[in-house]
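Look over the sequence and the structure before reading the points.

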Amino acid sequence: MNTLASRLNEVLAEKEWSQEHLAEHCSRIAEQSDDFDPKDSVSQVAIHKIASGKTKSTRKGPILSAALGVNVQWLLTGQGEKYPRDHS
């Protein structure tokens with residue numbers, strides 16, 4: 001089954017990132033990017049709930065996808081390309 005949890009865990013494994021590392025990266029992006037606000041940050045607890053499948057959808061898709069370097073549509077729905085076209 002292709003779920004939000006499985007896609008998130010797939011990218012975390014590819015990057016060899018912990019949930020805590022992703023949370024820290026989201027916080028940095030939220031603080032430093034003009035595209036996000038500090039309130040857009042995602043806690044490690046929220047990431048754990050998504051990764052474990054307890055949370056089936058999230059409004060935090062944009063910042064999660066920015067932090068992970070994947071397309072938000074792919075992360076949230078499994079549709080479309082995993083990586084943006086300019087991904088190297």
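Leucine 22 is in contact with Leu8, Leu12, Trp17, Ile47, Leu64, Ala67 and Leu68, with residues up to four places away in sequence not counted. The model shown here is predicted.

**The nonpolar core**
- The largest nonpolar core has 21 residues, and Leu22 is among the members that touch the most others, along with Leu8, Leu64, Leu68 and Leu75.
- At least two residues of this core come from each of helix H1 (4–15), helix H2 (19–32), helix H3 (44–51), helix H4 (61–68) and helix H5 (72–77).
- H2 gives the largest share, five residues.
- In soluble globular proteins, nonpolar side chains tend to be buried together.

**Helices H2 and H3**
- The axes of H2 and H3 come within 9 Å and cross at roughly 125 degrees.
- The crossing of H2 past H3 is right-handed.
- On the H2 side the contact involves Gln19, Glu20, Leu22 and Ala23, and on the H3 side Gln44, Ile47, His48 and Ala51.
- Sorted by class, this contact has four nonpolar, three polar and one charged residues.

**Proline 62**
- Proline 62 lies in helix H4.
- Its relative accessibility is 43%, which lies between the 20% limit for buried and the 50% limit for exposed, so proline 62 counts as partly exposed.
- Apart from neighbours within four places in sequence, proline 62 touches Phe36 and Val72.
- Proline 62 and glutamine 19 are 43 residues apart along the chain, and their C-alpha atoms are separated by 17 Å.

Terms used: Residues numbered from 1 in each chain as written. Predicted model: local features only at pLDDT ≥ 70, side-chain atom pairs only at ≥ 80, totals over all residues. Heavy atoms only, no water. Core = buried A, V, L, I, M, F, W, Y, C linked by side-chain atoms within 4.5 Å. Buried < 20%, exposed > 50% of the residue type's maximum accessible area, 1.4 Å probe, protein only. Helix = DSSP H or I, 4+ residues; strand = E, 2+ residues; numbered from the N terminus. Contact = heavy atoms within 4.5 Å. Axes fitted to C-alpha atoms, helices over the stretch in contact; angles between N-to-C directions. Left-handed = near helix turned anticlockwise from the far one by under 90°. Nonpolar A, V, L, I, M, F, W, Y, C, P; charged D, E, K, R; others polar.
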